[in-house]
Amino acid sequence: MTAASWPRGEPTFDRLLHLDPRTGRRRDLRVSDLPALLGPGDLLVLNDSATLPASLRGRLTDASVELRLAGERGDGAWNAVLFGAGDWRARTEDRPAPPAARAGDRLVFGLELAARVESVSPISPRLLAIRFDETGEAFWTALYRQGRPVQYSYAAGALELWHTQTSYAARPWSVEAPSAGRPLAPSLLSAVARRGTALATITHAAGLSSTGDPALDAALPLPERYDVPARAVAAIAAARARGGRVVAVGTTVVRALEGCARAHGGRLVPGVGVTDLRIGPAFAPAIADGILTGMHEPEASHFSLLEAFAPRAVLADAHAHAEARGYLAHEFGDSMLIVPPA
Amino acid sequence: MKDEYRTLVHAAVLVTGASRGLGAALARRLGRAGARLALVARGHEELDAIAREIRAAGGEAHALPGDLGDKRDAHRIAGAAAALVGPIDVLVHNASTLGPVPLPLLLETDCEDLERVLAVNLVGPFRLTKIVAGAMALRGRGLVVHVSSDAAVAAYPRWGAYGVSKAAQDHLGRVLAAELEGTGVRVVSVDPGEMNTRMHADALPDADPATLADPDRVARRLAALISHPEVFAPSGARVELAGVPERESP
């Protein structure tokens, strides 16, 4: 499937493949048709995480490196992944290995940001726990000045922070964009609400999508932070009570909701947490009935998560159909709604 | 603290132009009321001093220097602000520029200077509102305040670039209010009246300071409005702060 290499003009004109997971029935629509596909009583759950400028250029001792933040660890430290020479124009798997880091090494990014390597992960020598010297406003000001959003080799140019945000981004937790929500313009969400479909938000810290290191990629996603607020828990309970469908916008929402439920014996309990839940074919979602997702390649780990919502054969057919019809893939690509009939 | 300000406790408020004048006075008042403050201005040192002063008094304030006329800076500031104080509940667009002083006649104003005034006073605030208002609408609450001026309404010679930018900002607010109706997000313009500030001295150096309002007293009225916009400011309204009661506290 061809990648969309840049955000296209009016996102609600992007294409939407509507897939009934039970029958495999497909419809070729536009994102602007989404309100009509959801009914009064249904609930759309969005991830309100903003995207961080998680890619930092700097020096590890004397070598030039790129460091990508992978997620905050909760104790003030960060998980981060080292990348060697080259930049986003090269595919991550084609870039040379970075120099080896050891606990105690210094990472320096420009004049105002520096960190210490606290430990090196047994999963991969490139996966580090680091701690920045700066805290509070000094840290956040420096991170936003020094950092750039994580880039993609298929992109037509260097992405700026504003290319990576949803229209409702509120809390900068994600290191890559929770991109399923990218086409949801405020006017579209208003139209959804006018139909009587409820909206709720959670926050989930989307992690790195790939690193080019097979051992590390196999371990993705790393444990990720989430916050499921009381309002979202109540909205989900209300949708259930009236027989409505709960539709997650993106895999990050699925991970937050199912991770939260899994941590509390199948029940949603409001609050923050960390989930290492891996969702695949054998997983029966306890909370989400359907998913609005971006188009991705079948080999991506993303695809196995979708198997929690539709059989592999149905997904493979839908993907072949989308490819034949010229749907575009990846972060700026077209969308798919997998939801059973109301 | 008086009960009437309890809505400000833990509210995440971003104030632009917070290093002096009305912005600094408002920041002190909101800090005392328990708001979590992200303070923005171009100059670093004055802004740091205000943030330190608020923290020393037990408040929460973070200094985020930057130029809101610059797109990258606007996105950096919005991101760092949300990281520090959480999703923004109240956005106060107080920063503005007069353009060149002494104030020239409009026909003698360079087009580039007019463009710069519009970039800082109109496009900058609009960009910041765009970044945060979508999340406000989804949460079902939020307040956007544009600090306006008498010059937005009356046509004073030599106040052309500034007056045009403020009139446009007022109308921007009215249209946003109309589009956001029903979402719980309010957009209001406030006219603080003539204040004893450096901006006023830059514009009218011969004015008698005794005839000008103390920015701190104006800030009390603005804090009252922000704590209870449903009382003092229907969305889309243009409010003269002289008509808002001045509270003793915060």
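Analyst: Two strands pair if DSSP finds at least two bridges between them; helices (H or I, at least four residues) and strands (E, at least two) are themselves DSSP runs, numbered from the N terminus. Heads up that this is a predicted model: local features need pLDDT of at least 70, side-chain atom pairs count only at pLDDT 80 or more, and totals for chains, interfaces and linings use all residues. Residues are numbered from 1 along each chain as its sequence is written, while chains are lettered from A and ligands numbered from 1 in the order in which they are written.

User: Which residue in β9(A) does Arg106(A) stand opposite?
Analyst: Start with the two strands, β8 (residues 106-109) and β9 (residues 113-120) of chain A, which run antiparallel and are joined by 4 bridges. Across that pairing, the residue opposite Arg106(A) in β9(A) is Arg116(A).

User: Which residue takes a positive phi in the hairpin of β5(A) and β6(A)?
Analyst: The hairpin has 2 residues between its strands. Beside it, Arg59(A) has Ser64(A) as its bridge partner in β6(A), while Leu60(A) has its partner, Leu107(A), in β8(A). The positive phi, near 45°, belongs to Thr61(A).

User: Is Pro98(A) buried or exposed?
Analyst: Pro98(A) sits in the loop between β7 (78-83) and β8 of chain A, and its contacts beyond four places in sequence are Val65(A), Leu82(A), Phe83(A), Gly84(A) and Arg126(A). The C-alpha of Arg126(A), 28 residues away along the chain, is 7.4 Å from that of Pro98(A). A residue is buried if 20 or more other C-beta atoms lie within 10 Å of its own, exposed if 12 or fewer, and partly exposed in between, with C-beta atoms placed from the backbone. Pro98(A) has 20 such atoms within 10 Å, so it counts as buried.

User: How many residues of α3(B) are buried?
Analyst: This helix (residues 71-85) has 15 residues and reaches 21 Å from its first C-alpha to its last, close to the 21 Å expected; the expected span is 1.5 Å times one less than the number of residues. Just after α3(B), Gly86(B) takes a positive phi of about 95°. The helix is largely enclosed by the rest of the structure, because its buried residues number 13 of the 15.

User: Which residue just after α6(A) takes a positive phi?
Analyst: Helix α6 (residues 251-263) of chain A reaches 18 Å, close to the 18 Å expected. It is mostly covered, with 11 of its 13 residues buried, among them Arg255(A), Leu257(A) and Glu258(A). The residue with a positive phi, about 65°, is Gly265(A).

User: Which element gives the most to the side of chain A that touches chain B?
Analyst: At this interface, 20 residues of chain A are in contact with 16 of chain B. Elements giving two or more residues on the chain A side are α2, β11 (171-174), α3 (186-194) and β12 (198-204). With 6 residues, the biggest giver is α2(A).

User: How far apart do the C-alpha centres of domain 1 and domain 2 of chain A lie?
Analyst: Chain A is assigned domain 1 (11-51 + 161-338) and domain 2 (55-146), with bounds from an automatic or database domain assignment. In the contact between them, 15 residues of domain 1 meet 16 of domain 2. Their C-alpha centres are separated by 29 Å.

Definitions and conventions: Two residues are in contact if their C-beta atoms, placed from the backbone, lie within 7 Å.
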